[in-house]
Amino acid sequence: MAPVRTTGGVVVAAAISIFSMVMLSHLLSSKKNILRLSKKKKEKARNGLVDAIGNTPLIRINSLSEATGCEALESGELAQGGVVTEGSAGSTAISLATVAPAYGCKCHVVIPDDAAIEKSQILEALGATVERVRPVSITHRDHYVNIARRRALEANEVASKHRKSDQMDGKPVKQINGYTSDEEKQSSALLNNSRGGFFADQFENLANFRAHYEGTGPEILEQTGGNLDAFVAAAGTGGTVAGVSKFLQEKVPNIKSFLVDPPGSGLFNKVTRGVMYTREEAEGRRLKNPFDTITEGIGINRLTQNFLMAKLDGAFRGTDMEAVEMSRFLLKNDGLFLGSSSAMNCVGAVRVAQSIGPGHTIVTILCDSGMRHLSKFYNDEYLSQNGLTPKATGLEFLGIK
């Protein structure tokens with residue numbers, strides 16, 4: 001993370017989030033203190049992208065350490081050889097696919113087929129099995145999240161049958177976590193060959209919130225030395241904005257936390273008016289497809305258990321055009337190649353800066369790279385077809401000249 005403080009002007013501090021990786025560690029590790037931060041000397045804030053180069057952290061390569069007889073991997077709720085399933089339209093699945101092999105597990109991801117194709121390609125390159133499905137309402141049994149939940153059930157049913165077969169053969173059986181279901185299902189080859197399934201449930205699993213309350217929030221506090229005035233972020237699952245806002249509210253006097261919400265999402269209305277929908281929307285004039293936005297992985301029309309933990313002082317609307325223009329502005333001026341979610345977060349940071357005035361430190365999250373959005377968010381033809389061709393030369397699209 002690289003928080004920045006200046007004296008006057010629009011101030012945006014950016015943080016790179018690895019929340020999904022931390023969340024999975026929370027789910028799988030048997031060590032309760034895995035997310036405790038080590039005490040270290042406060043580092044000086046980095047001045048821009050170039051100054052952030054260096055001081056690269058060391059990591060332990062578990063596979064090589066174990067092959068040479070050094071330490072052993074302790075499994076937690078999921079047995080090695082099991083499969084982690086998740087439904088994701090954003091960046092969470094990529095982080096899960098990255099971390100799962102470190103625990104000896106596989107990953108099965110269900111993703112809506114209108115999401116940028118790069119995400120599926122990255123997931124497959126990471127070794128995950130990808131299942132692309134048509135976008136439907138969360139209330140539909142074939143919503144990508146509901147399908148991912150069923151895949152975990154299927155994996156556990158198969159594992160259960162294998163255990164019974166082993167018992168009949170007189171072989172020892174190791175307990176595997178799981179769900180049970182009476183429905184008849186057809187499992188994929190991956191699920192058939194797994195040792196049980198675990199549905200990560202990023203939307204409702206409060207490990208998501210805790211990862212940011214115990215990880216991201218303290219990191220922000222440490223790197224700013226407590227000298228920050230506001231935090232702002234968009235919400236998909238709500239875990240990031242909830243965990244960080246609640247932690248900072250408890251630790252930093254007078255800090256304000258805000259939501260920035262994309263088109264089609266009901267969270268802005270919930271925060272500012274106490275209801276998910278406006279009167280016009282409630283009367284039936286709502287968009288047929290409420291998620292009519294090019295930002296992926298943020299914005300939602302239901303309250304998740306994670307979002308309910310948030311401590312917010314207000315909310316701002318962000319538009320697709322603002323997100324596109326912001327991404328090009330930051331690429332040109334700061335060398336930051338950001339995805340749609342990160343660009344929207346920066347729109348929110350500017351809106352907060354405009355509302356509270358100059359001379360403040362504002363923190364947001366840069367959670368996705370532009371590399372995951374080449375086919376849509378960075379595709380000139382796609383943007384032109386949707387009337388989103390960027391034209392700004394500066395920040396005039398946010399009223400700054």
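**Helix contact and salt bridges**

Modeller: In this predicted model, H8 contributes Asn208, Phe209, His212, Tyr213, Thr216, Gly217, Pro218, Ile220 and Leu221 to a contact with H9, where they meet Gly239, Thr240, Ala242, Gly243, Val244, Lys246, Phe247, Leu248, Glu250 and Lys251.

Colleague: How many nonpolar, polar and charged residues does the contact of H8 with H9 have?

Modeller: The contact has 9 nonpolar, 7 polar and 3 charged residues.

Colleague: How many salt bridges does a search of the whole structure find?

Modeller: The search finds 9.

Colleague: What makes the pair of Asp142 and Arg150 a salt bridge?

Modeller: The cut-off is a nitrogen to oxygen distance within 4 Å. For Asp142 and Arg150 the closest N and O atoms are 3.0 Å apart, so the pair qualifies.

Colleague: How do you know that Asp142 also forms a salt bridge with Arg141?

Modeller: The closest N and O atoms of Asp142 and Arg141 are 3.6 Å apart, and the limit is 4 Å. The pair therefore counts as a salt bridge.

Colleague: Are Asp142, Arg141 and Arg150 buried or exposed, or in between?

Modeller: Buried means under 20% relative accessible area, and exposed means over 50%. Arg150 has 14%, so Arg150 is buried. Asp142 has 26%, so Asp142 is partly exposed.

Colleague: Why are Arg151 and Glu154 said to be separated by about one helical turn?

Modeller: Arg151 and Glu154 both lie in helix H6 (residues 144-168) and are 3 residues apart, which means a separation of about one helical turn. Their side chains meet in a salt bridge, with an N to O distance of 2.7 Å. Both Arg151 and Glu154 are buried.

Colleague: Which residues are linked in a network of salt bridges?

Modeller: Lys119, Glu296 and Lys376 are linked in such a network.

Methods:
Residues are numbered from 1 along each chain as its sequence is written. This is a predicted model: local features need pLDDT of at least 70, side-chain atom pairs count only at pLDDT 80 or more; totals for chains, interfaces and linings use all residues. Side-chain values use heavy atoms; hydrogens and water are left out. Buried means under 20% relative accessible area, exposed over 50%, partly exposed in between (1.4 Å probe, protein chains only). Helices (H or I, at least four residues) and strands (E, at least two) are DSSP runs, numbered from the N terminus. Contact means heavy atoms within 4.5 Å. Ala, Val, Leu, Ile, Met, Phe, Trp, Tyr, Cys and Pro count as nonpolar, Asp, Glu, Lys and Arg as charged, and the others, Gly among them, as polar.
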